[in-house]
Amino acid sequence: MVDLVFNFNVAFKNLDGFSPIISQILNESYTRHKYASMKLELKDMSIKPVLFFGYDIIMSFISAFVAFIVSYQAYRAHTITKKKSFLALELGFIFTGIGLLADSILSYAAVASRISHFFGVGYLAYFISTTIGYALILGSYIIDRVMTEEAVLAIVPIMRYGALSESILLVLIGAVMIQSMINLLMDRSLNKFLISMAFASIFLSHLCFMIQALAFASLLIIGQILRFIGFMMFAASIIRVVKTG
Amino acid sequence: MKPYRSRLKIILDILTAINEESGKISKILLYANLSYDRLMKYLKELLEKELIKEEMGEYKLTEKGYKFLEELRRAEKLAEAFGFRF
């Protein structure tokens, strides 16, 4: 797993069959994973992403599992209450989970088969699915707010960042995070705190992914860990919810 | 201004009152904080859906009602955690 020496440059320069936008996303995927093969250039780094590679696949897989559990709880809540906000939450976490699962499985496939193209396809699937997922989670808050009289600000647009795919995810999850923070400030509880911190952690992870694509490779590790912590907080909150019955 | 209480929340309060307090009308009225007429309307609906049963002038949860109450509590906790209104 550690001795990945794919020729990514060759693999990603030959993207004739893809549209420019998909090529750009695939190239961002290349940026995310290229450090796995850059052993010689990482001597000056205290933590080497090359040593972390592999664990991120496991953490993505576990995070996907947690996302599906949250989705299942939202499905149960939707079945009993018929609230559309739960339906949007359920679908949002399904798509988020599918994205993480696709990324982890295809990354593993790339490692196992030594076909580097799987990284690009995996990241593309992750990006599309996670974008839909976050949009749906944000939608669940909008549905919840629009359908009631007490209108609390549901969308806070944040549009400052440059990197294409991660910045889109960052905007979506950022708006969700702000909404969850507002909820926490209005009425504090441990469950709300866990959910807010989970979204905050995932938000920071996307910030790390975005920055690492531009400059600091070590942030890839921090981003992966932050996202994992975020999903573990979802797990802790769901355990508390399940114990309620 | 009184906070808005949804229909689901009222049903949850009624079922909780029946489960945790006694099933007497006076206790349910107190716990659920409803007028007599409104409470009777809800109780009629819950009886029709077989979530509660009436035995010797007292209301009790059925097996279906107990499961419904558990699911409703979980849904309330999930809504609370994500900051949704319930």
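Student: How many helices and strands does chain B have, and what pattern does chain B follow along the sequence?
Tutor: Chain B has 4 helices and 2 strands. Read along the sequence, these elements follow the pattern α-α-α-β-β-α.

Student: What percentage of the residues in chain B is buried?
Tutor: Chain B holds 86 residues. A residue counts as buried under 20% relative accessible area. The buried share of chain B is 48%.

Student: Where in chain A is confidence lowest, and where is it highest?
Tutor: The mean pLDDT of chain A is 76, and 69% of its residues reach 70 or more. Confidence is lowest in helix 1 (residues 8-13) of chain A, at a mean of 36. The highest value in chain A, 93, belongs to helix 4 (residues 55-81).

Student: Over which residues of chain A does pLDDT stay under 50?
Tutor: Where pLDDT is low, the predicted coordinates should not be read in detail. Residues 1-19 of chain A stay under 50, and the model has 38 contacts beyond four places in sequence for them. Another such stretch, with 24 contacts of that kind, is residues 34-48 of chain A.

Student: What area is buried between chain B and chain A, and which three residues of chain B supply more than any other three?
Tutor: The buried area is about 2,300 Å², and carbon and sulfur atoms give 65% of it. On the side of chain B, three residues supply 35% of the area that this chain buries against chain A.

Student: What kind of ring pair do A:Phe86 and B:Phe84 form?
Tutor: A pair of aromatic rings is described by the distance of the centres and the angle of the planes. The centres of A:Phe86 and B:Phe84 are 5.8 Å apart, and the planes meet at 75 degrees. Planes over 60 degrees apart count as edge-to-face. The pair is therefore edge-to-face.

Student: Which residues do ring pairs link into a cluster with A:Phe86?
Tutor: The whole structure holds 11 aromatic pairs over all chains. Ring pairs link A:Phe86 with A:Phe93, A:Tyr141, A:Phe199, A:Phe231, A:Phe234, B:Phe82 and B:Phe84.

Student: Which residues of the largest nonpolar core touch the most other members?
Tutor: In soluble globular proteins, nonpolar side chains tend to be buried together. The largest core in this model has 70 residues. Its largest share, 9 residues, comes from helix 8 (residues 190-214) of chain A. The residues that touch the most other members are A:Phe93, A:Phe199, A:Phe234, B:Ile14 and B:Phe82.

Student: Which residue of chain B does A:Phe199 touch?
Tutor: Residues up to four places away in sequence are not counted here. Among the residues that A:Phe199 touches are A:Phe93, A:Ile137, A:Tyr141 and A:Phe234. From chain B, the list includes B:Phe82.

Student: Which residue of chain A forms a salt bridge with B:Glu71?
Tutor: There are 2 salt bridges between chain B and chain A. In the one formed by B:Glu71, the closest N and O atoms are 2.4 Å apart. The partner is A:Arg76.

Student: How many residues apart in sequence are the parts that B:Glu76 and B:Lys9 tie together?
Tutor: The side chains of B:Glu76 and B:Lys9 meet in a salt bridge at 2.9 Å, N to O. B:Glu76 lies in helix 4 of chain B, whereas B:Lys9 lies in helix 1 (residues 7-20) of chain B, so the separation of the parts is 67 residues.

Student: Is B:Asp13 buried or exposed?
Tutor: B:Asp13 meets B:Arg5 in a salt bridge of 2.7 Å, N to O. B:Arg5 has 26% relative accessibility and counts as partly exposed. The relative accessible area of B:Asp13 is 13%, so this residue is buried.

Conventions: Residues numbered from 1 in each chain as written. Chains lettered and ligands numbered in written order. Predicted model: local features only at pLDDT ≥ 70, side-chain atom pairs only at ≥ 80, totals over all residues. Heavy atoms only, no water. Phe/Tyr/Trp six-rings, centres within 6.5 Å; stacked < 30°, edge-to-face > 60°. pLDDT = per-residue confidence, 0-100. Contact = heavy atoms within 4.5 Å. Core = buried A, V, L, I, M, F, W, Y, C linked by side-chain atoms within 4.5 Å. Buried < 20%, exposed > 50% of the residue type's maximum accessible area, 1.4 Å probe, protein only. Buried area = accessible area lost by both parts, 1.4 Å probe. Salt bridge = Lys/Arg side-chain N within 4 Å of Asp/Glu carboxyl O.
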